[in-house]
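Please walk me through this structure, with attention to how its parts meet and to its local geometry.

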Amino acid sequence: MKVLVDRREATAAAVDAVVTGVFERGDKETTFPRTLAREDAAAKGLVKAAWDRREVKGKLKELTVIHRPDGRGRVVLVGLGPRPKFDPEVVRRAAAEAVRALKGKGARTIAVRLATFAQEPVSSDAAARAVVDGAVLGGYEFVKYKATTEGGVEETTVALGEELEREETTLRKAVEEQALVAETVVWTRDIANLPADVCSPARLADEARALGKELGLKVTVFDEAKLAEMHCGGILAVGSGSTSHPPRMIVLEYPGGARRGKTVAVVGKGITFDSGGLSIKPGLAMSNMKFDKSGAVAVLGILRAAALLKVPPRVVGVLACAENVPSGTSYRPGDVVRTYNGKTIEVLNTDAEGRVCLADALAYAVDQYRPDELIDLATLTGAQVVALGDAMAGLVSTDDRLATALLAASAATGEPIWRMPLTDYYRALVKGDVGDVRNTIEIPLGGMVTAAAFLENFVDGTPWAHLDIAGPAYTTPGTFRYQPAYQNRGAVGFGVRLVVKYLAEASRAT
Ligand code: BES
Ligand code: ZN
Ligand code: ZN
């Protein structure tokens, strides 16, 4: 999707559709809103006619398409719901609804009338960014394996008009920045949606190398031999079952835009397929496990956007990649594996593999880079999905300042997260019997936080935030219709907008 800014009125642009927001009207409200006068003039009175017929109510998800009698495209009125509930997320969803509805209808170009979305309490900057998110992400579909596709909107113009033309410089910057972020989410989705036969750990390494070349990032890939030298027994154990797709640890470094910025390490779980291993998953539970690499792919996206936006902190990405499948060479329940930091893990269940891989990646990031902060993203537990559903991620953090800043970034981007506790009760549950830590406990209690308590053993006291994205990383056929229109079925790219926002806001000094 191409994203442009035009200081003129939306109705003046030569586009296939003009998109305008309309608030929900009261039952007795009959006065035609002044904000719609321009659209009404362009459509020669047809907008007011639709309003008078009460066809336009302004309810959330409502779309009214009116063709201009002069044949120069359409006016699309998109409902914003009641004014008191208006926020950037409403804008994001509304822009996406419009783009989705125009799919397959011959509308290639649209102009969004920003002033109708930049309404209290949403600033013009926030509205512009939300329109970009909605339009770019709402237009996304994974079409790589489709013989034919319906054409959709290819170009979105954010039109400022009389009300906002004075803010052109700042709004142009906001739109350009957010277009880079949203396009990065699309890029992330395209990789996360790839099936496991195509997207192996080696393929993720290729993607990282290509990205590094394009953006001038340092990229290092550790193969099995190197991982063995480094005593990364966790990644090696999980990857040992796959003879066709061996494990990799991938490190990317973005040097930072500030002279003496802090260092943030971002670590991702990259299980390219999670069958459960010898503790094999039942059929249905396995069907979406190509998405078990979503955390690692999000880290690739975070590095990409961080470099494109030139965020202040230095950012180091570490991807722990392996395929978890059963075979004669697989790791087994009962095995004890030694990790990078010397701690041993007692494996009780080979399906709790993510934490076993992350153990090495976290310990490596901390030991090699001494980061000021450590953030990990992982589709780690089914318990997270049970606790919070598939729209929200779980946050566990040892640092209140970091947690608060991430919650603020979450509110600004509309990627919801909810903080969960981490106390000695959970820490005690993961203490090992014959090893230092155990990868599961016998009873299904507090699965999301016991997983976090396990990971804490590998962060060496670094201020740390763990994002369990098992639920929101992808939308499943059964539930995706309940998701906002900017999330089509499949990979969501969850965490990219959130963490990039956090990094962009991060103070320049430590
Ligand atoms: N990849 C799964 C977690 C998952 C479940 C992600 C559902 C997305 C949707 C993880 O490796 C796993 O299998 N976890 C087990 C842990 C258990 C064996 C302690 C789980 O949650 O069932
Ligand atoms: Zn698993
Ligand atoms: Zn997994």
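Arg497 and Asp133 are joined by a salt bridge, with 3.1 Å between the closest N and O atoms; the term stands for a side-chain nitrogen of Lys or Arg within 4 Å of a carboxyl oxygen of Asp or Glu. The rule finds 1 salt bridge across the interface of domain 1 and domain 2. This is a predicted model, in which local features need pLDDT of at least 70 and side-chain atom pairs count only at pLDDT 80 or more, while totals for chains, interfaces and linings use all residues. Residues are numbered from 1 along each chain as its sequence is written, chains are lettered from A and ligands numbered from 1 in the order in which they are written, and side-chain values use heavy atoms, with hydrogens and water left out.

The domain assignment of the protein chain gives residues 2-162 as domain 1 and 188-505 as domain 2; such bounds come from an automatic or database domain assignment. To the contact (heavy atoms within 4.5 Å) domain 1 brings 15 residues and domain 2 brings 16 residues. The centres of the two domains, taken over C-alpha atoms, are 37 Å apart.

The size of an interface is often given as the accessible area lost when the parts come together. Here domain 1 and domain 2 bury about 1400 Å² between them, 54% of it on carbon and sulfur atoms; the area is that lost to a 1.4 Å probe, summed over both parts.

Across the interface of domain 1 and domain 2 there are 9 residue pairs in polar contact, both residues at pLDDT 80 or more. A polar contact is a pair of N or O atoms within 3.5 Å; within protein, one must be able to donate a hydrogen and the other to accept it, and residues adjacent in sequence count only if both atoms are side-chain atoms. On the side of domain 1 that touches domain 2, α3 (88-101) and α4 (124-138) are the elements that give two or more residues. Helices (H or I, at least four residues) and strands (E, at least two) are DSSP runs, numbered from the N terminus. The most comes from α3, with 6 residues.

Helix α3 also holds both Glu89 and Arg93, 4 residues apart, about one turn of the helix. Their side chains meet in a salt bridge of 2.8 Å, N to O. The whole structure has 38 salt bridges.

Two points of backbone geometry remain. Most residues other than glycine have a negative phi, and most peptide bonds are trans. Glu120 and Pro121 are joined by a cis peptide bond, with omega about -5°, and Pro121 is found in the loop between β5 (109-113) and α4. Arg54, not a glycine, has a positive phi of about 60° and is placed in the loop between α2 (46-52) and β3 (63-67).

Definitions and conventions: Buried area is the accessible area (1.4 Å probe) that two parts lose on being put together, summed over both.
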